[in-house]
Amino acid sequence: VLLSSGCFAQSDDEEAAQIWVDQYNQDVQGVYFDYVSADWTYNTNITDHNSQLANEKAAESAAFDNQKAIEANNWDWPNFQNESLKREFSKIADMGYAALSDEDFNNMTKLNSNMTTIYSTATVCNKPGDTNGTCYPLDPDLEEVMSSSRDWDELVWAWEGWRNESGRKMPDTYEQFAELLNKAAVINGYADNGEYWRSWYESADFRQICENLWLELKPLYQQLHAYVRSKLRDIYSGHTFPGTGHIPAHILGNMWAQSWLALEQEMRPYPNKTGLDVTDELIKQGYNNTGLFLLAEDFFVSLGMDPMVDNFWENSMIEKPTDGREVVCHASAWDFYNGIDFRIKQCTRVNTEWLITTHHEMGHIEYFMEYKHQPVQFRDGANPGFHEAIGDVIALSVSTPNHMESIGLLPEGADDPEVDMNFLMSEALKKIAFIPFGYLIDQWRWDLFGEEFDRNNYNGAWWDVRCRYQGISPPVTRSASGDFDAGAKYHVPANTPYIRYFVSYVLQYQFHKAMCDAANYVGPYHRCDVYKSNEAGDLLRAMMETGASRPWPEILEQMTGSRNMTAQPLIDYFQPLMDWLIEENADETLGWDETGCPVGSIVP
Ligand SMILES: C[C@H](N[C@H](C(=O)O)[C@@H]1CCCN1C(=O)[C@@H](N)CC(=O)O)C(=O)N1CCC[C@H]1C(=O)O
Ligand SMILES: [Zn+2]
């Protein structure tokens, strides 16, 4: 509003503001649809041309966001009476990376796609015993070696080779990239990009809240770590483990040691009873990739959620293409912001792990569909951890012995207490093993953005948190500056924040408990299966449809009665296993040297 004095006063006309934002919500959907479509084309067909088109569309989308942020600030929205309108304006005004100049923004997206292309097309050659010079991609070949090989040297080949072909090619690019992320954050009034990312949790002491949750969960992790380390010492009796108590990172069944589920058979408390690895059953029963999706869809529909829409089946990429195209195999779920197009892109294989991942990705799709009526700025998780928890909370019911038996994937023994303990162990190998990993990635990134260490110690600082929090260590010497092992994990080159998974692993047990209580379930929570429960479904859907329209503590309270994240439901869920582990570990030395990595494992 131009005053007679020639100054601009911010308008407090909320009706005019509502009219403006209604128009914004019409216009923004087309802009975001174009950008997401171009990004989809690049992700499902990696070429320079498609990368360039996606970057151009990203720039157009950013220019739109930038323009709308400026227009939004014509209003005195911080003083709006209408809370929802104020919240919508605050999100439009916080323009993120669109604050950068065109040149900086284009440079940032180019650096980002360069690193994502390196990650998604890297291959490792010279496999021990190979004579034909074959080179292997991460997905599925190297991941298969990491989960099924028990040959120390073959595991070292895959573990070290992957890091050298992916992360090691990125640190200088990442340094420039981080500078641009920080530059945008500072323009928007944050100290650095880490503070910008943490702002999405709307909690002043978010970092402390996470540290407290980690400290609450650490005893459980240490018990599992001690048990698994003892078993691995037997399996790899010919090799020496560090005297500091760290576990060599390459023998935990996963390229990043973030899930130890691949060790389920060797870690089973009652080896002569069935475990919960249903891979063989899935294959025996002729499941194909689509079958895994239909299994997941059936559960969501049983809770009153929508089935996958037609164009989901037509346009999703559910397996690795065989026509020679290079694709970003890392699984992801896509919202095209038009309320119609929703897709999953993954290189599915028929096994237990992919059954879980398919539930995870479909959880995102169901959330997209539940909040599609919301204004675009509210089409998000209540906080990012909520989005990561939907699929997983469903998987907690699906994975139970009873449910597996009911869908014919567990031949027998669902009510056997020893099978129950085997089940809890397999859950712990997935969920408890993950906790420090989910926590540490952004501890490192927040400190990098906060310039707590410089380029010469990118990898030194990475291994510091890996050794201290996860109690693992590199199986071969790594360079503090020449290597960049963080870049060997998708989310770092792809620039996806990670603390959301740590938050999700806490929240999903709060959700599970609330849903089981709503379903009037009686018994231990680890045996609860909310399949077909209208009450559980109504509770979850009521939370999902609110999207990001209100502060997450209000939405959490509406669903669980608590405004805070609490680790108690997770701890209660695993209590029977914790008791068993304490007994089993009576003669074990718990933990590891938490001052850092074993001497000599990290060199300058
Ligand atoms: C396999 C899964 N892929 C992510 C996910 O589904 O979260 C992908 C890639 C990054 C974001 N993303 C999305 O799909 C988003 N569009 C979802 C949204 O809309 O917020 C993943 O990375 N996971 C699952 C367990 C832990 C972690 C890992 O594997 O380390
Ligand atoms: Zn996710």
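1. The lining of the largest cavity in this predicted model contains 6 nonpolar, 3 polar and 2 charged residues. The residues concerned are Leu261, Leu276, Thr352, Leu355, Ile356, Ser399, Met404, Phe423, Ser426, Glu427 and Lys430. Glu427 and Lys430 are the charged ones, since Asp, Glu, Lys and Arg are put in that class.

2. Two elements give two or more residues each to this lining: helix H14, spanning 352–370, and helix H17, spanning 417–449. The largest share, 4 residues, comes from H17.

3. As for volume, the largest cavity has about 80 Å³. A search of the whole structure finds 4 cavities of 30 Å³ or more.

4. A zinc ion (ligand 2) is also present, and its coordinating atoms are NE2 of His360, NE2 of His364 and OE of Glu388. The distances run from 1.9 to 2.0 Å. Along the chain, the donors of the zinc ion follow the spacing H-x3-H-x23-E. Water is not among the atoms, so the site may look incomplete.

5. Where do His360 and His364 lie? Both are in helix H14, 4 residues apart, which is about one turn of the helix. Both histidines, His360 and His364, are buried, meaning that each has under 20% relative accessible area.

Notes: Residues are numbered from 1 along each chain as its sequence is written. Chains are lettered from A and ligands numbered from 1 in the order in which they are written. This is a predicted model: local features need pLDDT of at least 70, side-chain atom pairs count only at pLDDT 80 or more; totals for chains, interfaces and linings use all residues. Side-chain values use heavy atoms; hydrogens and water are left out. On a 1 Å grid over the protein atoms alone, a cavity is a set of points where a 1.4 Å probe fits but cannot get out, and a pocket is an open set with protein on both sides within 12 Å along at least five of seven lines; lining residues have an atom within 4 Å of a point. Grid points are joined across faces, edges and corners, and a volume is the space filled by probe spheres set on the points. Donors are N, O and S atoms within 2.8 Å of the metal (3.2 Å for Na, K and Ca); water is not among the atoms, so sites may look incomplete. Buried means under 20% relative accessible area, exposed over 50%, partly exposed in between (1.4 Å probe, protein chains only).
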